[in-house]
Amino acid sequence: MNWLITGGAGYIGSHIAELFQQEGLNYYCYDNLSTGDPARISDSERLIIGDIHDEVKLERIINKMEVSGVIHLAAKKSVEESREKPILYEKTNFEATERILDICSRNGVSQFIFSSTAAVYGESKSGFVSEDAELHPISTYGVTKMKAESVLTSYISRGLIQGVSLRYFNVIGQASAALKDNSSDNLVPRVLTAARQHLKPQIYGNDYPTSDRTCIRDYVDVRDIARLHLRLCRDFDGPKLPPALNVGTGVGVSVLEVMQSIYSRMGLSLNPEVLPRRQGDPATLVAEIGKLKEKIGFVTKFDFESSIESLLH
Ligand SMILES: O=c1ccn([C@@H]2O[C@H](COP(=O)(O)OP(=O)(O)O[C@H]3O[C@H](CO)[C@H](O)[C@H](O)[C@H]3O)[C@@H](O)[C@H]2O)c(=O)[nH]1
């Protein structure tokens, strides 16, 4: 069975590709290298440079490589940028996914794993969300992912494909420095950069209704994300899969705690700058992980501190 990983040269995609390489699964990475890095792919013959908007090329590759499963990761992922560039997010995250599903269903792809996000939930009462919670995304990013999920669910319910939407919470950690997250979109890489450059890390709002007044998130290790994909792809059991699954640890960590962990491990004193709230940020977003355990038998191996530790080698 051949898997195509869109966004395979990205931070998450390359961790999946590297684990597939080690475990002997057949895969190809399809990436336009806009943010992906070819150096992350150890077997360069497995990298195909192409854009998810290029339907003709994508269809040709799916047929040529006899792809029967797609892991669709290629996307735009910044809450902040999605507010400034809503059309780009709509086209990349929603419209392209819709077209890829059409191509897949017409060309013998039977299995589809979609990278969705906890941002589909938006603000919830307790901050702990299960897959059955209503979806009220409060960012354009979350809206575009929710719409893409719903197209996949409709393909699944019409029997056109088997698949699942994986709602990642906040992905951190690394298997090696070669696979590190190069983006400057998210909290952990931003705090690491600030610490290394002896700058003040920035807190977006310290007036949230949480224990230390900063936002709480569920930080899940990218190595666990890769293990989950390996499990799903080795033993793909479409009928057993729910339409969506939370991929988190079930443990909440605040923005301030993230900063304290990084600064204390680096032997630096923390003196953050407090900025106003960023639009589109729920106060607390932590995964209920019962379904992941019950349906897939999957438990995460890496806790928050070991993920942070992996970033400092
Ligand atoms: O310099 C920074 C950067 C972020 N934050 C805060 O840190 C928290 C986490 O922000 P991130 O941008 O790292 O992550 P998000 O929770 O906004 O979103 C991330 O997690 C989502 C799931 O929850 C998706 O996976 C998404 O792709 C990914 O960007 C937020 O409260 C944000 O306001 C800061 O205080 N300072």
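Leucine 199 counts as partly exposed, because its relative accessibility is 48%. The term covers what falls between buried, under 20% relative accessible area, and exposed, over 50%, with a 1.4 Å probe and protein chains only. Leucine 199 sits in the loop between α6 and β9. Helices here are DSSP runs of H or I with at least four residues, strands are runs of E with at least two, and both are numbered from the N terminus. Leaving aside neighbours within four places in sequence, leucine 199 is in contact with Ala194 and Tyr263. Contact means heavy atoms within 4.5 Å. Glycine 252 is 53 residues from leucine 199 in sequence, and the two are 26 Å apart in space, C-alpha to C-alpha.

This is a predicted model: local features need pLDDT of at least 70, side-chain atom pairs count only at pLDDT 80 or more, and totals for chains, interfaces and linings use all residues. Residues are numbered from 1 along each chain as its sequence is written, and side-chain values use heavy atoms, with hydrogens and water left out.

Step back now to helix α6. Its buried residues are Val188, Pro189, Val191, Leu192, Ala194 and Ala195. They pack against β8 (170-172), β11 (219-221), α8 (255-265) and α10 (304-311). Just after α6, histidine 198 takes a positive phi of about 55°.

Helix α8 holds serine 261. Serine 261 is buried, because its relative accessible area is 7%. Its side chain makes a polar contact with the side chain of glutamate 305, at 3.1 Å. A polar contact is a pair of N or O atoms within 3.5 Å; within protein, one must be able to donate a hydrogen and the other to accept it, and residues adjacent in sequence count only if both atoms are side-chain atoms. Not counting residues up to four places away in sequence, serine 261 touches Phe304, Glu305 and Ile308.

Now the overall layout. The protein chain is divided into domain 1 (2-171 + 219-247) and domain 2 (173-218 + 250-312). The contact takes 44 residues from domain 1 and 45 residues from domain 2. The C-alpha centres of the two domains lie 22 Å apart. Domain bounds come from an automatic or database domain assignment.

Where does the ligand lie? Both domain 1 and domain 2 give residues to the shell around the ligand, so it lies between them. Of the 21 residues around the ligand, Asn186, Arg190, Gln202, Arg278 and Asp281 come nearest. A residue is near if one of its heavy atoms lies within 4 Å of the molecule. α6 (187-196) and β9 (202-204) each supply at least two residues of the shell. β9 gives the most, with three residues.

A polar side-chain atom of arginine 190 lies 2.7 Å from one oxygen atom of the ligand. For the side chain of tyrosine 141, an N or O atom is 2.8 Å from a ligand oxygen. Phenylalanine 169 uses its backbone: an N or O atom there lies 3.4 Å from an oxygen atom of the ligand. Taken alone, the ligand exposes 680 Å², and the protein buries 94% of that. Such accessible areas come from the Shrake-Rupley method with a 1.4 Å probe; for residues, only the protein chains shown count as cover.

Serine 165 is buried, because its relative accessible area is 1%. Leaving aside neighbours within four places in sequence, its contacts include Phe114, Glu149 and Pro243.
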